Amino acid sequence: MRSILILMLGACLAMPSVAGAEPANGSTMPAVRVSAPVPAPGTAPSVSPTIALSTSETKVVIDSSAGVYYTTDHTGVVEVVDLTTHAIMRAISVPGDPNALAFDSETHRLYVGELGGSKVWVINPSTGTILGALSGVPSETVNALLVNTASGTIYSYTSNNPSTEPGVLTAFDGQTLGAIASTLTVGAVEGLAIDRSRGTLDVVEYDAYHLNASIAVLHGSTLAVKKRTYYGSAIRLSGIDVDPLTNTLYVGFSGGDSYGGTSYGIYGVDGSTGAVTSTMLAYDDAQVESVYIDESRSLVYGLSSTSAFTDPAGPTGPGVALGMVSVFSAATKSFVEELQVGAQSFVAGLDTMSGNLHVINFNHGNPSVNVITPLAEQNVFRFWLPSSNDHFFTMNVTEAEGILRLYPSLWRYEGVAYQAFATQESGTVPLYRFWSPDLQGHFFTASQQERDAVVSRYASHVWSYEGVDFYVYPEGTSAAATTQVARFWSPRYQQHFYTMNPAETAYIEQYYAGEIWTFENYNFRVPSS
């Protein structure tokens, strides 16, 4: 499959505008502009039994491509742990006591910050070799590290009193390892996240002196404040993750409700305005301390270290409060379920390849892990190119984010088109992808015969075969709960269009029949949910 850069080079060519196409009934209507459907959530994720660990793990970062995660318990080593068996594969010795970890999946570098020191080591985790250290780290404990894998920028948060005092955020160049910017926070940092599409650093803060919670959106290179929104003293915010495709920040909250009690859950916050756009309430009365979003499935996880649930036979006796993961749907902005995990669940890591969330439990000195596993179905993201009226569909989150980052004025994100499979599941077939440099458009087919005919009949400048995009059900499937995907061809625009939404199909046939959009067939099926 081609890189994003190659995908977009063709889109930069000059094409005539098609914004004012005239529909078949003669009324003035734009070209196909019906919003993409939002799938309803499917069956909820499941949680594994508690798995005992040999050592306590207080920091976790996941290396999906290697099938491992890196962890530490502040004792001078970073352990490499198998994602499947949770067995320790090897240990990497580091100077000092590690307190913060970050992993760059693009450069395959591991960053390790010291407890009570001012060092951030750069390590090759495959060999355990220390490659160097970041320069310009403030002389305080390194409490958090992040890496923007799109830009290579590394961020540190340093403070000797991170729970109550302001600290320092510092940005480092991934090539030179030198500091390029720093800023003092307005309060204790309760969460950090990176928007890879917009290149921003999003910070949740709490000013203990003025009793004010806030979210700051910082410029990724200069750390200048682009937007800071205050939410007052009645709300506590903690934990944050971001969906770059929708520019939505998901933040854990607790605060007074209209009944005189306290509500708990996750806010959806507009990344541009700071306005709370959705409130997803958890059922358990426990503060969400960490937030993780699975963009591939529109799932948001809220981790609470303690909950109202207790362990009847815990390692320190009955009645020990257990951790809880609250699951929400980003598509419907609603609560899905809550999953009970081990006691003292302080950290978790999301495996972006499988979608599994690994929840680490300190468990009063008896460490353990629970693995939360979602369904196999993943989102297929839909984009529109106004210059040629092309629609593009991809399941690849990195590719989707890259389109918004590199070509925000060319491609428009329309939402989730439907769900499909990243790997071949029982009863599914490949969906083949083509790109036409001449027509500036994409073509998708689930027919191997049609794929072979296009490859043999057309030169690569007409239709260039790119490989398998993802997996779908064939039109003649016997699988339950599937929906047909309609395929249209536009003689006017020389483009294809695909939709699983019957209302969208009917709308096109009513207003755009004939030369504008002609129905071709139902080429494949996708899960209905």
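Guide: Welcome! Contact here means heavy atoms within 4.5 Å. This is a predicted model, in which local features need pLDDT of at least 70 and side-chain atom pairs count only at pLDDT 80 or more, while totals for chains, interfaces and linings use all residues. Residues are numbered from 1 along each chain as its sequence is written, and side-chain values use heavy atoms, with hydrogens and water left out.

Visitor: Which residues is Thr505 in contact with, leaving aside its neighbours within four places in sequence?
Guide: Thr505 lies in helix α4, residues 502-511; helices (H or I, at least four residues) and strands (E, at least two) are DSSP runs, numbered from the N terminus. Thr505 counts as buried because its relative accessibility is 8%, where buried means under 20% relative accessible area, exposed over 50%, and partly exposed in between (1.4 Å probe, protein chains only). With neighbours within four places in sequence left out, the contacts of Thr505 are Ala486, Phe488, Thr499 and Tyr522.

Visitor: What share of the 529 residues of the protein counts as buried?
Guide: The protein has four helices and 40 strands. Its accessible surface comes to about 20900 Å², with 52% belonging to carbon and sulfur atoms; such areas come from the Shrake-Rupley method with a 1.4 Å probe, and for residues only the protein chains shown count as cover. Of the 529 residues, the share that counts as buried is 55%.

Visitor: How many bridges join β16 and β17?
Guide: Strand β16 (residues 200-207) has seven of its eight residues buried. On one pairing, seven bridges join β16 to the antiparallel strand β15, residues 188-195, with Leu192 opposite Val203; two strands pair if DSSP finds at least two bridges between them. β16 also pairs in the antiparallel sense with β17 (residues 212-219), where Leu201 has Leu218 as its bridge partner. The bridges between β16 and β17 number eight.

Visitor: Which residue takes a positive phi near 50° in the hairpin of β16 and β17?
Guide: The hairpin of β15 and β16 has four residues between its strands, and there Gly199 has a positive phi near 70°. The hairpin of β16 and β17 also has four residues between the strands.

Visitor: How far apart in space are Tyr301 and Ser326, C-alpha to C-alpha?
Guide: Tyr301 lies in strand β24, residues 299-304, and counts as buried because its relative accessibility is 0%. In sequence, Tyr301 and Ser326 are 25 residues apart. In space, their C-alpha to C-alpha distance is 5.7 Å.

Visitor: Which residue forms a salt bridge with Arg196?
Guide: A salt bridge is a side-chain nitrogen of Lys or Arg within 4 Å of a carboxyl oxygen of Asp or Glu, and the whole structure holds 15 of them. Arg196 has its closest N and O atoms 2.7 Å from its partner's, and the pair links the loop between β15 and β16 to helix α2 (residues 397-406), 205 residues apart.

Visitor: How many residues apart in sequence are the parts tied together by Glu450 and Arg487?
Guide: The side chains of Glu450 and Arg487 meet in a salt bridge of 2.9 Å, N to O. Glu450 is in helix α3 and Arg487 in strand β38 (residues 482-490), so the pair ties together parts whose separation in sequence, in residues, is 37.

Visitor: Which residues make the nonpolar surface patch of about 220 Å²?
Guide: Patches are made of residues with over 30% relative accessible area and no salt bridge, like charges being joined within 9 Å and nonpolar side chains (Val, Leu, Ile, Met, Phe, Trp, Tyr) within 5 Å. One member lies in helix α3 (residues 448-457) and counts as partly exposed because its relative accessibility is 45%. The patch of about 220 Å² is made by Val455, Tyr465 and Val468.
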